[in-house]
Amino acid sequence: MNELTHNQKICSPIIQQEDQHIHVDDKIPKAISQHLAIPEDNFVLSHLLSALNIFDLLEVSAPIAFTDYAQPILERLSTIIMPKLREHILSCTPQDAEKISQAAARYCLKFTTNNQWALISQENISTQYFQDIYPSIYYSVETMFPAINSPKEIIPATYLNAFILNIISIIFYYIDITKIDNITIIVNFAGSPFTNHMIEAMLKDHISHASVKFITEWSSEEGDIYLSDTPSDRIATPQVIWKKPPTISDWQALAELIIRLKKK
């Protein structure tokens with residue numbers, strides 16, 4: 001309604017050509033059409049509202065029926081997306097891959113329509129966090145982009161970051177991302193188990209969101225990072241030594257090592 005109200009010059013000629021920009025089979029409730037004084041045989045507005053609503057990522061699992069125009073597009077996109085998911089995201093089951101590919105294809109479908117006046121400019125979106133913390137997910141989504149845009153452009157290049165962010169959001173909805181690109185840190189400080197517990201609590205409070213887990217009972221074969229106040233000759237993994245309570249530069253060095261190992 002806001003789009004229709006504030007962009008009447010753009011919207012009015014577009015909504016007269018329903019087949020060019022709305023491809024969803026749905027009806028608006030009779031009570032609402034009466035309240036808005038819309039003739040019951042005028043489905044343009046109801047389809048418009050439905051189309052804008054179904055692409056809300058909070059509704060990715062909603063059952064939606066598509067027209068004959070849209071269904072082949074969805075199927076083609078799904079067949080492109082699914083193998084990319086299963087190739088790069090190792091913990092993604094076939095069932096999850098199918099759900100994600102269907103939801104992602106539905107998201108991409110809105111770029112095939114002519115109502116891009118309804119899309120907010122998203123050029124300032126940054127995806128650096130996902131490049132650093134979940135590189136497997138980020139790069140699998142990035143590789144989908146050229147395949148989806150072949151043989152013709154569906155998603156404008158200016159929407160690449162928005163595309164990546166929203167597909168990642170769909171992936172997060174369906175799978176346990178804590179198992180992807182996870183890092184294990186061995187915590188082994190001299191003194192007592194209470195010291196290890198304190199350091200572990202500090203770490204969990206700051207970086208547990210990054211698919212990082214911590215162990216204090218370990219063997220030489222375990223762990224990706226050894227965090228201690230004393231170097232160890234038994235450990236072949238990278239060692240981070242904190243001689244005193246950690247400074248900002250200590251935290252930064254640990255974060256950079258985690259990112260480097262994830263990408264490797």
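Reader: What makes E3 and strand E4 (residues 239–241) a pair?

Author: Three bridges join them, and they run parallel. Two strands pair if DSSP finds at least two bridges between them, so three bridges are enough. Helices (H or I, at least four residues) and strands (E, at least two) are themselves DSSP runs, numbered from the N terminus. One caution: this is a predicted model, where local features need pLDDT of at least 70, side-chain atom pairs count only at pLDDT 80 or more, and totals for chains, interfaces and linings use all residues. Residues are numbered from 1 along each chain as its sequence is written, and side-chain values use heavy atoms, with hydrogens and water left out.

Reader: And what makes strand E1 (residues 183–188) a partner of E3?

Author: E1 and E3 share four bridges in the parallel sense, so they pass that bridge count too. Leu-227 of E3 is the bridge partner of Val-187, and Leu-227 also stands opposite Val-240 in E4.

Reader: Why does Ser-232 count as buried?

Author: Ser-232 sits in the loop between E3 and E4, but its relative accessibility is 13%, so it falls under the cut-off and is buried. Skipping neighbours within four places in sequence, Ser-232 is in contact (heavy atoms within 4.5 Å) with Tyr-226 and Gln-239.

Reader: How far is the backbone nitrogen of Arg-234 from a polar atom of the Ser-232 side chain?

Author: That distance is 3.2 Å. A polar contact is a pair of N or O atoms within 3.5 Å; within protein, one must be able to donate a hydrogen and the other to accept it, and residues adjacent in sequence count only if both atoms are side-chain atoms.

Reader: What makes Tyr-134 buried?

Author: Its relative accessibility is 2%, so Tyr-134 clearly counts as buried. Tyr-129, at 38%, is partly exposed. Tyr-129, Phe-130, Tyr-134 and Phe-172 form one aromatic cluster. The charged end of Lys-262 sits over the Tyr-134 ring, 5.6 Å from its centre; that label needs NZ of Lys or CZ of Arg within 6 Å of the ring centre and within 35 degrees of the ring normal.

Reader: How do you know that the length of helix H7 (residues 94–109) agrees with what it should span?

Author: The expected span is 1.5 Å times one less than the number of residues. For the 16 residues of H7 that gives 22 Å, and the end C-alpha atoms are 22 Å apart, so the two agree. Buried residues in H7 include Asp-96, Arg-106 and Tyr-107.

Reader: Why is Glu-200 called buried?

Author: Glu-200, in helix H11 (residues 193–207), has a relative accessible area of 15%, so it is buried. Beyond its neighbours within four places in sequence, Glu-200 is in contact with Phe-214 and Thr-216.

Technical notes: Buried means under 20% relative accessible area, exposed over 50%, partly exposed in between (1.4 Å probe, protein chains only). Rings of Phe, Tyr and Trp (its six-membered ring) pair if their centres lie within 6.5 Å; planes under 30 degrees apart count as stacked, over 60 as edge-to-face and the rest as tilted.
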